[in-house]
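Okay, thanks for coming, everyone. Let's have a look at the model on the screen and walk through a couple of its parts.

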Amino acid sequence: MCGIAGLLGQSSDPDAMEVAQRMASALAHRGPDGCGVHVDGRVALGHTRLSIIDLAGGQQPLRDETGDLAISFNGEIFNYVEIRDALVAAGARFRTKSDTEVILELYRAKGEACVEDLNGDFAFALWDRRRQKLMLARDRMGVRPLYWTRAKNRLYFASEVKALLATGAVEARPDPIGLDQLFTLWGAIAPRTLFKDIQQLPPGHLMIATPDTVEIRRYWRLSFPTAAEDATVRVDEAARAEELRALLADATRIRLRSDVPVGAYLSGGLDSAITATLASDIVAQRLKTFSVTFESGEFDESAFQAQMAEALGTAHASIACEKNAIATMFPHVIGAIEQPVLRTAPAPLHQLADFVHQSGFKVVLTGEGADEVFAGYDIFREAKVRGFCARQPDSAWRPLLFGKLYPWLPGLQAQSPAYLKAFFGMALDRVNDPLFSHLPRFDNTAKAKVFFSGDLKAALKNYDALAELRADLPAEFMNWTPLARAQYLETTYLLPGYILSAQGDRVAMAHGVEGRFPFLDHRVVEFGARLPSRLKLKGLREKHILRESFAHRLPAAIGSRPKQPYRAPDSASFFGADAPAYVAELLSPDAIASAGLFDVGAVTKLARKCAGGGAPRFRDNTALVGVLSGQLWNEQFFGGAAQRRAPAA
């Protein structure tokens with residue numbers, strides 16, 4: 001795991017080395033173990049290293065023996081051992097033991113198609129001097145970030161936006177459409193970002209750039225069987241469960257390849273329990289596990305974490321995230337993730353990554369991806385019940401099923417059947433809308449846009465984020481089952497756009513910690529996509545096949561426990577006697593007016609309401625966190641902090 005940066009110019013630039021050094025310096029947190037720059041004519045590659053594999057010989061940027069190929073690589077290639085053996089058998093010679101050199105030799109053998117053989121989480125820049133071409137590539141699921149832009153006849157690229165801004169040639173400007181997408185979908189639709197004229201390379205894509213041209217193309221896309229195939233396929237559930245166990249065991253095995261110790265997160269839920277169980281089967285030493293706990297029972301899962309740690313016999317450690325800690329670290333979180341957020345959930349994970357770093361670990365296994373791949377989220381169950389009710393909208397008893405949703409929200413469970421019908425019964429007449437499964441979420445989230453300023457609303461005019469999302473869907477989308485459509489939306493947009501970025505790579509790498517995700521091995525993802533919907537969501541039992549696969553390995557309380565999403569205290573974190581001064585400052589009328597993103601009067605009322613105590617509604621929570629994080633984002637990247645930031649090499 002590292003940070004990559006660089007540029008491609010029209011010709012040799014005398015200041016390319018200095019610019020690449022400034023870019024790399026902005027990524028020092030991603031690679032505290034080393035820094036390097038390689039300049040070759042019109043290209044400069046920068047790199048900051050977090051040494052995990054081949055500690056002695058894995059320095060980057062790395063060149064091949066001829067000097068014709070050079071690479072700056074962020075991430076891990078988990079099947080590098082198998083690829084290396086095949087290349088050696090074909091006559092290749094290696095000078096290091098690193099997975100980085102495997103990419104170079106695989107490119108020499110297969111060219112741009114090399115990405116199809118890689119099982120890993122990666123973003124890399126590879127310069128081919130003979131062809132005068134720069135290749136950028138990003139992993140299938142979007143675990144590792146990669147941003148790029150054009151400015152002053154150069155193409156710049158980096159792991160984070162702050163490295164692009166460190167060039168001095170790239171101007172930071174907010175993108176109104178990106179903001180609208182985030183306040184609707186929780187993240188921007190790739191390749192768009194929250195910064196105007198700065199793009200991200202979408203997951204599963206590569207770029208081939210010359211001094212004059214840029215070509216971007218997809219090399220992988222998530223796909224599902226048609227609804228007819230899904231309904232008629234006959235499967236042996238026991239055989240599929242056994243196949244899944246073997247596949248996940250192998251995905252975990254290769255993700256334990258490291259020259260430094262590997263730990264694991266234990267959230268208290270099913271997914272991290274499975275990951276830690278499989279890792280415990282493989283590691284020779286006692287597995288080290290890490291958790292975050294909360295004061296409030298509404299968010300805390302420490303009892304389940306302790307039960308799983310005891311069952312596995314791990315060396316377990318946890319850190320308590322107190323309410324005021326979220327507010328204290330929130331500015332650092334926004335600086336790390338480089339965009340506003342609608343929930344405070346990234347903050348405790350930021351604290352947990354720091355705890356892992358302080359414990360002497362650089363690598364942790366986590367359970368992200370299982371809910372997307374095996375239909376674990378409540379939104380999948382909700383969409384199924386809504387679709388069921390849509391077929392008989394006048395039924396009196398079908399809406400009673402809404403009471404079985406979201407058992408972890410006691411406030412919602414206390415509501416009357418009539419309220420639940422009104423809350424969940426939205427858009428039942430739009431069951432053929434491609435976004436049917438997510439319309440209630442998108443609608444509830446978008447209500448926070450009432451706090452946008454008049455200028456921001458004017459800049460957006462009649463823009464419709466949902467229309468753009470529909471246009472981005474693959475042609476075969478409506479041929480899939482309703483569950484497959486919902487899974488595609490969750491996996492393709494929310495997963496890379498928020499979970500793997502704001503709650504994953506960015507908060508972990510802020511402390512030089514690499515997360516590894518066995519459930520996001522593309523073999524596991526493709527296996528899950530091929531499974532019939534009834535094996536993933538059986539009735540209203542989420543992740544059915546996954547639960548069956550590991551029922552014999554887990555404590556009953558863990559294996560049968562209903563899904564409880566990871567959450568953290570939201571607006572309540574920012575008010576009270578110990579609230580940091582920046583909260584009142586950034587929510588003041590003068591600060592709101594100066595930033596120009598939000599409406600002064602509406603935000604003043606919102607802040608007063610949230611400060612008054614009680615239990616804010618979903619919209620108020622979302623809006624308060626969105627507005628405050630938006631103010632922090634503006635201050636850090638477009639306001640005073642951005643102007644004070646020195647681009648020193």
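Before we start, a quick word on terms: Ala, Val, Leu, Ile, Met, Phe, Trp, Tyr, Cys and Pro count as nonpolar, Asp, Glu, Lys and Arg as charged, and the others, Gly among them, as polar. And keep in mind that this is a predicted model.

With that in hand, here's the second largest pocket. Its lining residues divide into 22 nonpolar, 10 polar and 10 charged. That's 42 residues lining the pocket, and Ala-190, Gln-200, Pro-203, Thr-492 and Pro-496 are the ones nearest its centre. The space inside comes to about 600 Å³.

So which helix gives the largest share of that lining? It's H19, with six residues. Helix H19, running 482-499, and helix H20, 501-509, each supply at least two residues of the lining.

Is strand E5, residues 69-77, mostly buried or exposed? Buried here means under 20% relative accessible area. Nine of the nine residues in E5 are buried, so the strand is largely enclosed by the rest of the structure.

Who are its partners? On one hand there's strand E4, residues 62-63, which pairs with E5 in the antiparallel sense over two bridges. Leu-62, for instance, has Ile-71 in E5 as its bridge partner. E4 and E5 make a hairpin with five residues between them, and in the turn you'll find Gly-67, with a positive phi of about 85°.

Then there's strand E6, residues 120-128: E5 pairs with E6 in the antiparallel sense too, over nine bridges.

Note on methods: Residues are numbered from 1 along each chain as its sequence is written. This is a predicted model: local features need pLDDT of at least 70, side-chain atom pairs count only at pLDDT 80 or more; totals for chains, interfaces and linings use all residues. Side-chain values use heavy atoms; hydrogens and water are left out. Buried means under 20% relative accessible area, exposed over 50%, partly exposed in between (1.4 Å probe, protein chains only). Helices (H or I, at least four residues) and strands (E, at least two) are DSSP runs, numbered from the N terminus. Two strands pair if DSSP finds at least two bridges between them. On a 1 Å grid over the protein atoms alone, a cavity is a set of points where a 1.4 Å probe fits but cannot get out, and a pocket is an open set with protein on both sides within 12 Å along at least five of seven lines; lining residues have an atom within 4 Å of a point. Grid points are joined across faces, edges and corners, and a volume is the space filled by probe spheres set on the points.
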